[in-house]
Amino acid sequence: MIATRVFIGTTEGAAQVQSITEEEAGVQSVICLNGRAVALPVSAEYDSFVRRPTGLIEAAYGHAAYRIDVSLPIEEGRSWQLGVLAAHALNAAHNLATGDAPANRVIWLTGEIDRHLRVHPIAHLSEKLRRASPLVAACEAAGLPITFYVPQANFAELDSAWLRQHGFVGPKCEVVPLDQAASLFSALDISFPDVKGPLRPVMKPGLSPGHGRLPLYLSVATVVAAIGVLMLYPTGEDSEMPTTGTVEPVREIHDGFKATAVVSRPPANFDCFDVRRGQASFQFTQQTLLSGSPTRTTDAGEICGIAYAVETENENEAVWIFTARSSLSDTLVTTKVRARQDPLEPANPYKFSVPLPGEIQHQFAYELAVVSSPRGDRALVAKLEALSDRLGGAIEPSTWRGIFEELKASGAQVKVVVHEIVP
C-alpha cells in the first residue's frame, strides 16, 4: 500500500485533507475545518459534487453523504474538486494518509472536474503555487516525493524559471499538467468506477436480472444504525421483530453460517424523513440470504435502510466479512472489508449497516462474502490479513471471483450470498 497525503491548493496555502467520514445518507455533505463544528462556505457545492444526479462520488461509490476535514479554509470556487476527487478515490482504495499517519508520497492538486472527468482551468494558479512553497520545503526535509497536479490549460502560464528556483522541479518534486482525471488515477495506480455510462440498467435480450454480472463493493456507512435497526435485530430463539411481509426463521443456519438482511420501511402514508423526524415508527422485514441464487427485495423505492447480520453455529469462530455492490451498468468491483478476524459466537450475530442511494430508481445488489479459517492455520490467516490490507477501491470482476476461489483452495470456509434490491 502506498499511503498518499493529499493537499488542495488554495490562495491561503496548501489545505491538507485530514479525514473523510461517511455520514448518514439523509444529511448534506460538508467540508469542515480542523475537526471542528465549522462547515466551510463550499459545503453546499461539495454536497452537489457528491450526490446524484449532479455529483460523481455517490455515482462511483454508492454513498450520498460525507464529511471532509481540511487544515485550511476553502472559501469559494470549484478548484478544490480535483483534490477532493483524488482524496475520495485514495480513501476508497485505503491509500489516503489521514491525520498524522505516515505517508509515502504527497500530492497537491487544483482544478475543476466535470462529469466526464475532464480537468478545467482555474484562477490564481501562480499564487497557489507560491503559497505552497513551505510544503515543498517540508517534503524535501522529510525525504518525501511530492507531485503538483494542475490543469493542462493553466500550465502555459507558469514561469518555468521560478518553478526551478523554488524547488518545484527536481528529483522528488514535479509539476504535472492534467486534462483528464484518468491520467491522475493511472499515476496513483488506483482505479475509479465508470460514472459516465447510462444510470439506468440496460437488460440484454434473453438475460434475467442479475445474470452474468457481479455485485460491486459498498463503502462503510451508518445510515441504518441511525434509525436503530441494529439495536432491534433479534438474536434469541424467541425474539420477535416488528415486520411487514414474510419473515423467515431466525435460527436457520446454512453451511455453518447464516446471513440475514433487515430492511426498514416507513408505514403507510409516511416517508423515511417523516420517521427520522419522529412522526412515525419504522417497520422491518427480515430475509435470510441463501447461497446459490440471489435473494430479492422488491418495491425498494420505499426502503429507508438495510442492515445485515451474520451468525454461526460454531463456537469461537473468527471471520472475515467482505461486502460488494453493483448495478447492471457497473464494469468494476469496488471492494470493502467489513470484519477482520472478528469473533463470532452462536446467537451473537456480527451486525453492520449499509448506505443506500438517496433515491432508489434502479436495480442494484449487495454481495456478502463470509470467510473463516481452521484454527491454527497461520498461513491462511496471514493470507487473509494480506488480502484485507490489499482490498479497497475498484478491481476487475474476474479478480474478485478469483480471490474466493483461491481462498477455498487454501482450505478456508467461504460463504457468498447475493441480495438484489429491485425498485
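Colleague: Let me start with cysteine 32: is that one buried or exposed?
Modeller: Cysteine 32 counts as buried because its relative accessibility is 4%, where buried means under 20% relative accessible area, exposed over 50% and partly exposed in between, with a 1.4 Å probe and protein chains only. This is a predicted model, in which local features need pLDDT of at least 70 and side-chain atom pairs count only at pLDDT 80 or more, while totals for chains, interfaces and linings use all residues. Residues are numbered from 1 along each chain as its sequence is written, and side-chain values use heavy atoms, with hydrogens and water left out.

Colleague: And how many disulfides does a search of the whole structure find?
Modeller: The search finds 0 disulfides, a disulfide being a pair of cysteine sulfur atoms within 2.5 Å. Cysteine 173, for instance, is in no disulfide, and the nearest cysteine sulfur, which belongs to cysteine 139, is 7.8 Å away.

Colleague: Why does cysteine 173 count as buried?
Modeller: Cysteine 173 counts as buried because its relative accessibility is 7%.

Colleague: Changing topic, how many aromatic pairs are there in the whole structure?
Modeller: There are 10 aromatic pairs, counting rings of Phe, Tyr and Trp (its six-membered ring) whose centres lie within 6.5 Å, with planes under 30 degrees apart called stacked, over 60 edge-to-face and the rest tilted. In one of them, tyrosine 61 and phenylalanine 192 have ring centres 5.7 Å apart and planes at 90 degrees, so that pair is edge-to-face.

Colleague: Where do tyrosine 61 and phenylalanine 192 sit in the chain?
Modeller: Tyrosine 61 is in helix 2 (residues 57-61), whereas phenylalanine 192 is in the loop between helix 8 (181-188) and helix 9 (229-232), so the pair links distant parts of the chain, 131 residues apart. Helices here are DSSP runs of H or I with at least four residues, strands are runs of E with at least two, and both are numbered from the N terminus. Both tyrosine 61 and phenylalanine 192 are buried.

Colleague: Which residues do ring pairs link into a cluster?
Modeller: Ring pairs join Trp108, Phe148, Trp162 and Phe168 into a cluster.

Colleague: What about helix 12, which of its residues are buried?
Modeller: In helix 12 the buried residues are Pro397, Trp400, Ile403, Phe404 and Leu407. Seen down the helix axis, they fall within an arc of 125 degrees, so they line one face of helix 12, the arc being that of the directions from the axis to the C-beta atoms. On the other side of helix 12, Ser398 and Ala409 are exposed.

Colleague: And what comes just after helix 12?
Modeller: Just after helix 12 comes glycine 411, which takes a positive phi of about 100 degrees.
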